[in-house]
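Please open the structure in your viewer and keep the selection tool at hand.

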Amino acid sequence: LETNTSVQVEGEMMSREEELALLGALLLVFTLGWYLWARSVVGRVAAKPAGRLAGDEESAPLAQPLLEDGAAKTLVKSRVPLALRQLVFYVAVAYYTIGVTVYAVRRVKGHGPSDENYARIVRCAADLARGASWLVAIRADAAEYRTSARTRHTVLMAAFVLISAAAALREARLGKRLRLEAPSVWALAAHAVYLAVAVHAATTTHLVLREATDDAPATPEERAVELHQIVGFTWLDCIFVAKRAQGPEDKLDESDLPDLLSNDRTDRTFPALDALVDQMRRDLARDAAAGKKRSKTLALFKQLAMLTRGHFVCAGIFRLFYVFTGYLQPLALYIILKKFGQDSSLGWAAVGMLFFGPIANSGLDNMQMFVQRRVATRCRGALMMLLYAKGVRLDMSAGAGRVGEVVSLMSADINNVLNSMAYAHWVWAPVLQLAITLTALFWLVGYA
């Protein structure tokens, strides 16, 4: 994204842009070969999971068969590592997309000598090839992750990152001199991060959540391991396909719905909550004996947060980034109005941020609400089981209102608790938004 497009340096057979185009073509060929190889491994090694629902034929199997006991099994892996890698890689796709846009606009404007216009065309093609390579690499990484022929990734991802880093290093060099301008520094620093991610994937064993069998097959959500499947909720397509197959007048049965994740079931959440509540009772009794007073409501909220701590913290992180991305559009407009004529690379980055900000903000909001509702669903099932276990031990004949009290606890009171869990992160988020807004106003306007 440099302001001045370089031409061929004396003594060099090819210009920098032509070398970048050659490296981009080599990178694209390498990633296509990697992707085709990974897909062939998927078709040859991986086993088809049992119990696949209608409309989910595009979901590739997650794991290899385990044939020790003769039963067909598949490994259900964690979706987090692959989704995080894809999120980081999509940043590279966005970077090269902005580069293609910048050089295409400059070529359309057509100012400058013909050599510069030629260099802009070649540089646009180079960035287009590199951006396409990162997109193919994302799919190749996913295809390789779906197989369990290896417990770790191969070194192909690291090799791809090294080739891309060589192109980024050539981008920062003009002749024999390195030009560490802002975009070049960003690209080299990003490739250092990508190389660390690739090495970690090649040296770390996949995190296996459970073994799926014919009796407990992998659910559509467990098979949705890619970032676009998680953010776009494409694993819900099986419900709509089943509905279209039945007709507009028929209603969906419980058997038509996908199964819950194993960690969301009450046979997992109830024993964990029961143990946490027992610990809470002991803590309250010890504090009461010591003369300390503690709120039982806050203590229960703490235990529910501990029960769902992974998703509860994840929802808070989504909310935090949602707050920050809400200010990308105003920041982009400020940069465009103040810096576009002075620093074109920063100005074009602001243009990309102007369109990327609302998309990221909407996706983060949807993911935060979905994860927080999952937290509430886990708490509901565990609390219902806890109240039922308590109710069967009570003597209902001792009081006429016992049955009504239990029913009220299992309906209205549980809903109040769930609302507090579902909207817990809405308590601190407005305070942070107010602080950021006031800081921005004092910075732009000053004291009134």
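**A tour of selected helices**

Begin by selecting N361, which is placed in helix α13 (residues 344–391); helices are DSSP runs of H or I with at least four residues, strands are runs of E with at least two, and both are numbered from the N terminus. The model is predicted: local features need pLDDT of at least 70, side-chain atom pairs count only at pLDDT 80 or more, and totals for chains, interfaces and linings use all residues. Residues are numbered from 1 along each chain as its sequence is written, and side-chain values use heavy atoms, with hydrogens and water left out.

N361 counts as buried because its relative accessibility is 17% (buried means under 20% relative accessible area, exposed over 50%, partly exposed in between, with a 1.4 Å probe and protein chains only). Leaving aside neighbours within four places in sequence, N361 is in contact with Y322, T325 and G326 (contact means heavy atoms within 4.5 Å).

Next, select R85 and D141, which form a salt bridge with the closest N and O atoms 3.0 Å apart (a side-chain nitrogen of Lys or Arg within 4 Å of a carboxyl oxygen of Asp or Glu). R85 lies in helix α2 (residues 80–109) and D141 in helix α3 (residues 114–146), so the pair ties together parts 56 residues apart in sequence. Both R85 and D141 are buried.

Move on to helix α9 (residues 266–289), where D278 and R281 are three residues apart, about one helical turn. Their salt bridge has its closest N and O atoms 2.7 Å apart. D278 is partly exposed at 28% relative accessibility, and R281 is partly exposed at 45%.
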